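Student: I have a model open and would like to understand the words used to describe it. Could you take me through them?

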Amino acid sequence: MKGFTYKHTIYSCFVGYIVQAIINNFVPLLFLTFQSSYGIPLSKITFLVTFNFGLQLFIDLISPAFIDKIGYRVSIQIAHITAAAGLIGLIFLPELAPTPFSGLMASVVIYAIGGGLIEVLISPIVEACPTDNKETAMSLLHSFYCWGHVGVVLLSTLFFTFVGIEHWKVLAGLWAIVPALNLILFAKVPIAPLLADGEKGMTLKELITNKLFWILLILMICAGACEQAVSQWASTFAEKGLNVSKTIGDLAGPMLFAILMGSSRAIYGKYGEKIDLHKFMFFSGLLCLFSYLLIALSPSPVLGLVGCGLCGLSVGILWPGTFSISAAKLKGGGTLLFALLALGGDVGCSFGPTTVGIASSLFGDNLKYGILIAVAFPILLLIFLPLTKSGSSD
């Protein structure tokens, strides 16, 4: 499009991940407000987050069937329309629906569609851009989810402190402006096809009969599990390590994790052309394993918090790095490859904290034992990662 270059396309994709951070992290800040304002039990309110990620998983699975038919531009515009509509729905639907909970659920359904589509679409749009050093661009891209997460938590907290949490609907409307503006950008920026003219992407049968695909899928599951197995408990580590209130812990822990994870991605995004991706991922996997052991075996709560921060630093490259290796090794993978990898990553994000929770409960709710069991994830990653270096797409 006239006046816009692929650099603007990449910027739009950066904002796209900020949009996903908004729809994933804004509502959890309002749990207690929903409980007090609408009289909804906390168990039902927390289901909103579970349902959000569950529906995004479903979108990951089914989206390749229609994305290639309607095109990337229309699909990414639908993603931003539904993201904005879902956030605006939070303002009106709890009062308009038969019950406040059903109104909140309807809003979640709408914006979860956007979140799922963004996850599937953004990475291949960047991968298709005619730029050098795609690995560094991919890493920098994924750092923006981390910055978005930090921004949502920090700016929302400041708003609630100085304006008042009772005005949360105003903030929901303000956050909806971000996908609305990015929708306009995606209508104007150039979007390159992921596959060359006349080239067909790999079919599902071709992918699932490819040994390398399964190795890459295992890496994605491990990447998601390594990240979320500790991230979900970051507030607990901060609360104990800093000896602060749960409120401060809920802010400090996740923000420390997200800042260091984003920093890792940004560092590779800036200097990655001088760094071997496989080596960087392998040493990150070793650091991840060390951080798990530090959390699990250290008697000091402060060292547990240090381990949490090191984990954030170590896992940053794992997800975008696996995407980059997959794009390079399975060149004809197309939309289906990125969708299945996103699905694998989300499965890992769910499986990691679930494993920690179940293992902890078996040992008298001792979180350290849960983290110790979860060292299986970085170990598996370190085993399978070298297989991708010599692997082929055959």
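Predicted model: local features only at pLDDT ≥ 70, side-chain atom pairs only at ≥ 80, totals over all residues.

Student: Why is R265 called buried?

Tutor: Buried means under 20% relative accessible area, exposed means over 50%, and partly exposed lies in between (1.4 Å probe, protein chains only). R265 has a relative accessible area of 4%, so it is buried. Its place is in helix α12, residues 246-271; helices are DSSP runs of H or I with at least four residues, numbered from the N terminus.

Student: What is R265 in contact with, leaving aside its neighbours within four places in sequence?

Tutor: Contact means heavy atoms within 4.5 Å. With those neighbours left aside, the contacts of R265 include S139, H142, E227 and W319.

Student: What makes S156 count as buried?

Tutor: Its relative accessibility is 0%, so S156 counts as buried. S156 is placed in helix α7, residues 134-164. Beyond four places in sequence, F26, L29, G151, L171 and W175 are in contact with S156. Seen from the side of F26, S156 is again on the list, among others such as L87, F160 and W168.

Student: Which residues have the most contacts inside the largest nonpolar core?

Tutor: They are F26, F34, L48, I76, V230, Y292 and I371, in a core of 111 residues. A nonpolar core is a set of buried Ala, Val, Leu, Ile, Met, Phe, Trp, Tyr and Cys residues joined through side-chain atoms within 4.5 Å.

Student: How many aromatic pairs does the structure hold?

Tutor: Twelve aromatic pairs. Y11 and F14 form one that is tilted, at 6.2 Å centre to centre and 45° between the planes. Rings of Phe, Tyr and Trp (its six-membered ring) pair if their centres lie within 6.5 Å; planes under 30 degrees apart count as stacked, over 60 as edge-to-face and the rest as tilted. Y11 and F14 both lie in helix α1 (residues 6-25), three residues apart, about one turn of the helix. Y11 is at 43% relative accessibility, so it counts as partly exposed, whereas F14, at 9%, is buried.

Student: What makes the pair of F213 and W214 edge-to-face?

Tutor: Their planes stand at 70° and their centres are 5.4 Å apart, so the angle falls in the edge-to-face range. F213 is buried at 2%, and W214 is partly exposed at 40%.

Student: How do you know that the charged end of K44 sits over the ring of F101?

Tutor: The rule asks for NZ of Lys or CZ of Arg within 6 Å of the ring centre and within 35 degrees of the ring normal. The charged end of K44 is 4.5 Å from the centre of the F101 ring and sits over it. K270 does likewise over the ring of Y271, at 5.7 Å.

Student: Why is C288 in no disulfide?

Tutor: A disulfide is a pair of cysteine sulfur atoms within 2.5 Å. By this rule the count is zero disulfides. For C288, the nearest cysteine sulfur, that of C226, is 4.1 Å away. C288 itself is buried, with a relative accessible area of 0%.

How values were computed: Residues numbered from 1 in each chain as written. Heavy atoms only, no water. Helix = DSSP H or I, 4+ residues; strand = E, 2+ residues; numbered from the N terminus.
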